[in-house]
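Student: I would like to go through the ligand sites and pockets of this model. Please show the sequence and structure before we start.

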Amino acid sequence: MQGIPQPSREEVLKLPRVHISTHPVMAHKMTLLRNKNTPPPQFYQLVKEIGALLAYESTETLSLESSTIETPLQSTTGYRLAGGIGVTPILRAGLGLAEGFRQVIPDVQVWHLGLRRDEETLQAMEYYNRLPHQVDLQVVYAVDPMLATGGSAIDAINILKRRGIPRLSYLGIIAAPYGLMRLAQAHPDIDIYVAELDEALNDNGYIIPGLGDAGDRQFGTF
Ligand code: PRP
Ligand code: URA
């Protein structure tokens with residue numbers, strides 16, 4: 001990232017369809033997550049909990065369909081989420097987030113997608129794809145903790161768009177202004193939900209202050 005100009009936090013805060021959590025419980029969990037002394041089992045647990053909070057916040061606008069149900073006392077109108085919902089964990093760091101999402105909406109379809117960022121070129125490469133060809137979902141959420149240069153997220157959304165999904169959203173834990181701007185510009189038709197927006201990318205493409213390597217910290221592969 002050396003010599004590449006990066007936007008400020010203030011510039012990207014104005015972007016449309018970008019949602020940054022303001023919930024105090026999120027801020028509390030994020031502080032535990034960022035701490036370098038948090039060990040992998042607790043880190044993974046926190047990623048799941050943050051995934052559940054992000055799922056709750058990002059599904060606020062989903063459509064409902066109504067039906068009549070019987071309580072033990074009388075009939076009343078009930079609601080259920082309309083259409084199917086999918087979640088695409090971007091492997092491997094997206095796995096914990098997807099697990100948290102499933103705790104909120106258990107009957108999601110999970111579409112695994114493996115992308116690996118080359119640490120020299122910072123380009124994402126696809127190495128695994130279990131996206132079904134038959135699509136009958138109202139929305140798919142691509143989930144990945146770190147939005148750094150934005151390369152992995154942009155590629156993931158491109159791959160999902162080729163499956164013809166009517167509505168796509170991106171869910172992440174920490175975004176760098178540079179990656180957030182690139183994703184919003186490449187895909188202005190999606191909603192982007194993140195827990196926190198950080199300051200910048202360092203020369204190696206890591207988010208600062210960040211949390212380090214989200215995959216290694218979840219799975220203990222240092
Ligand atoms: C990390 C992270 C994102 C990507 C973000 O994954 O989980 O997928 O880097 O960087 P970008 O915005 O610059 O593309 P990584 O490729 O290290 O793989 P991992 O999940 O297996 O650790
Ligand atoms: N991937 C990570 O896991 N962390 C970063 O800061 C950037 C990319």
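Student: Which side chain has an N or O atom 2.5 Å from an oxygen atom of ligand 1?
Tutor: This is a predicted model, in which local features need pLDDT of at least 70 and side-chain atom pairs count only at pLDDT 80 or more, while totals for chains, interfaces and linings use all residues; side-chain values use heavy atoms, with hydrogens and water left out. Residues are numbered from 1 along each chain as its sequence is written, with chains lettered from A and ligands numbered from 1 in the order in which they are written. A polar contact is a pair of N or O atoms within 3.5 Å; within protein, one must be able to donate a hydrogen and the other to accept it, and residues adjacent in sequence count only if both atoms are side-chain atoms. The side chain at 2.5 Å from a ligand 1 oxygen belongs to Asp144.

Student: At what distance is the side chain of Ser152 from an oxygen atom of ligand 1?
Tutor: A backbone N or O atom of Ala93 is 2.9 Å from an oxygen of ligand 1. For Ser152, the atom concerned is an N or O of the side chain, and the distance to a ligand 1 oxygen is 2.6 Å.

Student: How many residues surround ligand 1?
Tutor: A residue is near a molecule or strand if one of its heavy atoms lies within 4 Å of it. The closest ones to ligand 1 are Arg117, Asp144, Thr149, Gly150 and Ser152, and the shell numbers 16 residues.

Student: How many residues of the shell around ligand 1 are charged?
Tutor: Asp, Glu, Lys and Arg count as charged; Ala, Val, Leu, Ile, Met, Phe, Trp, Tyr, Cys and Pro as nonpolar; and the others, Gly among them, as polar. Five residues of this shell are nonpolar and five are polar, and the charged ones number six.

Student: Which pocket does ligand 1 sit in?
Tutor: On a 1 Å grid over the protein atoms alone, a cavity is a set of points where a 1.4 Å probe fits but cannot get out, and a pocket is an open set with protein on both sides within 12 Å along at least five of seven lines; lining residues have an atom within 4 Å of a point. A molecule sits in one of these if more than half of its atoms lie within 2 Å of its grid points. Ligand 1 sits in the largest pocket.

Student: What is the volume of the second largest pocket?
Tutor: Grid points are joined across faces, edges and corners, and a volume is the space filled by probe spheres set on the points. The largest pocket holds about 570 Å³ of space. For the second largest pocket, whose lining includes Tyr56, Leu81 and Val104, the volume is about 200 Å³.

Student: Which residue has a polar backbone atom 2.8 Å from a nitrogen atom of ligand 2?
Tutor: The space taken by ligand 2 is the largest pocket. Backbone N or O atoms also lie by its oxygen atoms, at 2.9 Å for Ile207 and at 2.8 Å for Ala214. For the nitrogen atom, the residue is Gly212.
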